[in-house]
Amino acid sequence: MSVLIEASPRNAFPSWTLEAVGSGDAQGAVIAPFEVPPTDVPHHKGAEAMAAALHDVGADVWFDPMTHGLQMPNVGDFRFYDAYDLWPGPPGDLWTPADQEGHVRRVFAVQDHLGARHLGPAILLHHPASETSQSALELSHTAMELDDQCWLSIAGTSACWSSAASALDAHIGALAQLEPAGWFLTVARHISILPGDASQEEVYGLCRTVRALSEYAPVYISHGDLAALPAVAAGATSLGTGWDPRQRVCGFNSYVARDPGAEGGSWYTRPTLRGLLGSLKPNEAAILNSRDPALAHRLGPLPAPGAHEAFNRHLEILNEVVSTLEGLDLQDAYRWLMDAYQNAQGEWPRVVSITGTPQGAESWITPFQAGLGRYGADEGW
Amino acid sequence: MTAEEEARQQLGVVHVADMKRGGQKHVERVERGTEAMVMKMVILGTSRPDALERAKREVELLASLSSDHVVRVESRLVTIGAPPEAAAWLEEHLDGDDLTQHIGSPWSWDDTVQMAHQVASGLAVAHGKGVVHRDLSTNNVRCLAGGDYKVMDFGFARFTLRSALTMAGQPGTPGLHSPEHLQGYSGSPTPASDVFGVGILMYAALSGEVPIPYRGDEADYIRRLSKVEYVGLEVHRPDLSPEQLALVARCLHRQPARRYHNGTRLVQGLETLS
């Protein structure tokens, strides 16, 4: 794995994903019940057809049950979710061991039907030491009892990943005892906007966790996108992305109830610039290109205008960075990314001054650089 | 009839000599026929009835462990009084003395590895059954007269019955805790915490002192323990190779997921280095 396309309710999900797989820019896709119906419905290809198409081209197929989405505040977008048979009782009811087992069995059954690897469900954590974290551990244990070759998922809010190192490390240590075949890690945020509201503590916690878990099994950063690059430097093998903010950030607002017929979300037309490890609004990019075309070319180059073009360039950049990091040992990967962040820190002020963009290095670079730096300091680098 | 007398009667043993008598735990040497054994008894206090049932199952589990490096349990758990006021069981009697008596002068690497390998082998059997020791210490490892080592006092019953709890509701000995002993809920001790314990034993054997000593100030101890703050072993033993130092450091890693996950993995690590 390197880059996976996260599920999207957009009807372009199948075609753009298959195109990305065909060009070698994506290894596969993650299908999820909030975004993709189980079978075809008007304007939306179903999970069955999507999985079949992905299998046909030899791509990886994952089905993330997104159980942690049910614990997000104001969750209510069940237009596709309710068509899946994922619960023996009321959705979200995990009170008893029987409830947990019934849910995991149904999740695995859907994954079997789609030809996807088994990936256990996760409970959203706000803190790694709580009754909820105990339930999350038990749910993971149940999944491993049903299939000791399954992957496990850990989903936490930014506050959870930012928790005191001793508490987070102990919870991760207990999960690591289960020794699954691999891991899906998710940082859940209040809102799916870019750049997200990452903190250096969260990045540090995620890096520490990835460094530990990746010693024994591959780690995927769900909805990770550019924010997951420190985790890749710390040993993660892959990250999730897409063209829409909800594919690049796991945000609570992506799962709230929508007005019938409203598509919601937005095409992410901002071009990503390799030298900035971030993106600009289309008009900001146009200003940069017009006022300092040499700088725009050096940082980019900029893609042609359009959502599809912006997505393709974004994928290209992600792949380039992820491939570079994966080709290095952990210490060199750390140094390479720290250098890349340092360079981007140096470029952003000029870009901000030319374009007037309100989000510069302090949003796109600083928390990631600082969190990665703390991880590196722990390692003695 | 005293509680001890009733326990002896139920277990079919006769008293030989007291070994340890504390507020919540009583240990004595006994004989069953001509066979020397140890009877351990804990006072239940306010333990819940379900804890007693769990303790019974745990003692049965300990009795089912088969390892040359784990003390053998020789009976089921019996209760004394109605309602139960104490619980007791039998273990094999071991010669030799505790590891505590041997800590002081720095050991050779080979002697340390022999001890760690045998302790880890004993733990591996327990971990394979889903059992965590939680209180590995120099007092709980016996150096037998023949030179071998046995892990003692898994203390299932003792811990389950909450008669030996310290920090965060966990058992353990100050100076010999893992950072997970500070945690509750999902972060409680796991087999990797026992591996941390073996790391402490190795560090103590090689240097003559435990890595995170308890100096009488609980807040200071908890701070150092939570950060796993200790003087690197290379300061005490510059003669050890980087690989040898790395093995001990891995056992003592702050993140349990970065240690050897359990006794079996540690045994493999020790054998790989040898």
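Ala17(B) stands opposite Arg29(B) in β2(B). This is a predicted model in which local features need pLDDT of at least 70, side-chain atom pairs count only at pLDDT 80 or more, and totals for chains, interfaces and linings use all residues. Residues are numbered from 1 along each chain as its sequence is written, and chains are lettered from A and ligands numbered from 1 in the order in which they are written.

User: What makes β1(B) and β2(B) a pair?
Analyst: Two strands pair if DSSP finds at least two bridges between them. Six bridges join β1(B) to β2 (residues 25-32) of chain B, and the two run antiparallel. Strands here are DSSP runs of E with at least two residues, helices are runs of H or I with at least four, and both are numbered from the N terminus.

User: Why is strand β1 of chain B said to lie largely in the open?
Analyst: A residue is buried if 20 or more other C-beta atoms lie within 10 Å of its own, exposed if 12 or fewer, and partly exposed in between, with C-beta atoms placed from the backbone. Of the eight residues in β1 (residues 14-21) of chain B, zero are buried, so the strand lies largely in the open.

User: What are the domains of chain A, and how far apart are their centres?
Analyst: Chain A is divided into domain 1 (3-255) and domain 2 (272-378), with bounds from an automatic or database domain assignment. Their C-alpha centres are 26 Å apart. The contact between them takes 28 residues from domain 1 of chain A and 28 residues from domain 2 of chain A; residues are in contact if their C-beta atoms, placed from the backbone, lie within 7 Å.

User: Which element gives the most to the domain 1 side of that contact in chain A?
Analyst: α7(A) does, with seven residues. That side divides into 19 nonpolar, five polar and four charged residues. Ala, Val, Leu, Ile, Met, Phe, Trp, Tyr, Cys and Pro count as nonpolar, Asp, Glu, Lys and Arg as charged, and the others, Gly among them, as polar.

Note on methods
Two residues are in contact if their C-beta atoms, placed from the backbone, lie within 7 Å.
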